Amino acid sequence: MKKLFFVAVVASLTFAVGCEHEIIPNKIYDKPSVDFYEESMTVSAEGGDLIIPVNSTGVDNVTITLPTGDSWVIEENGDMTPADSWIKLVKVINEYDDPTRALAKWDSGISLQVEPNTTGYERTATIVVHSFQAIDTIVLTQSAK
């Protein structure tokens, strides 16, 4: 029994040593990050194309959420259908220029298209950007005409 226990301990230590990640010389090992330069932005009622700068280790995903009232069209009988969004993600703009880092460091941009606001009320959207497990948000407010 002692021999079996000893073999199990040696095997688990061998496995643990084999799972270490390789250290690459001349690389800076850092953590994933994503940061908007601002916490919120205001867009004019006329809308248009907009680029929001982001500093990250690579944009993996972008999510745009709207308040519940802006997400649905409620019909006279109470039925709800998804509304066309007044804000759309056009593309993520990436630039990579530093080969000395283990994780890329991007000065990126989120390109959005914002429809004119003819609703008569101010509207908001929250934009969430992911870089690996790092997350940051910005609130976009569009003024009313």
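Nine bridges join strand 9 to strand 10, and the two run antiparallel. Strands here are DSSP runs (E, at least two residues), and helices are runs of H or I with at least four residues, numbered from the N terminus. Two strands pair if DSSP finds at least two bridges between them.

This is a predicted model, where local features need pLDDT of at least 70, side-chain atom pairs count only at pLDDT 80 or more, and totals for chains, interfaces and linings use all residues. Residues are numbered from 1 along each chain as its sequence is written, and side-chain values use heavy atoms, without hydrogens and water.

Strands 9 and 10 form a hairpin with two residues between them. Phe132 sits in the turn, with a positive phi of about 55°. Strand 9 also pairs antiparallel with strand 4 (residues 61-65).

The chain has two helices and ten strands. Buried residues (under 20% relative accessible area, 1.4 Å probe, protein chains only) make up 28% of its 145 residues.

The largest nonpolar core has 21 residues. Such a core is a set of buried Ala, Val, Leu, Ile, Met, Phe, Trp, Tyr and Cys residues joined through side-chain atoms within 4.5 Å. Ile127 and Leu140 are among those with the most contacts inside this core. Strand 9 (123-131) and strand 10 (134-142) each supply at least two of its residues. A contact means heavy atoms within 4.5 Å. Leu140 touches residues including Trp86, Ile87 and Ile127.

Definitions and conventions
Buried < 20%, exposed > 50% of the residue type's maximum accessible area, 1.4 Å probe, protein only. Lists of a residue's contacts leave out its neighbours within four places in sequence.
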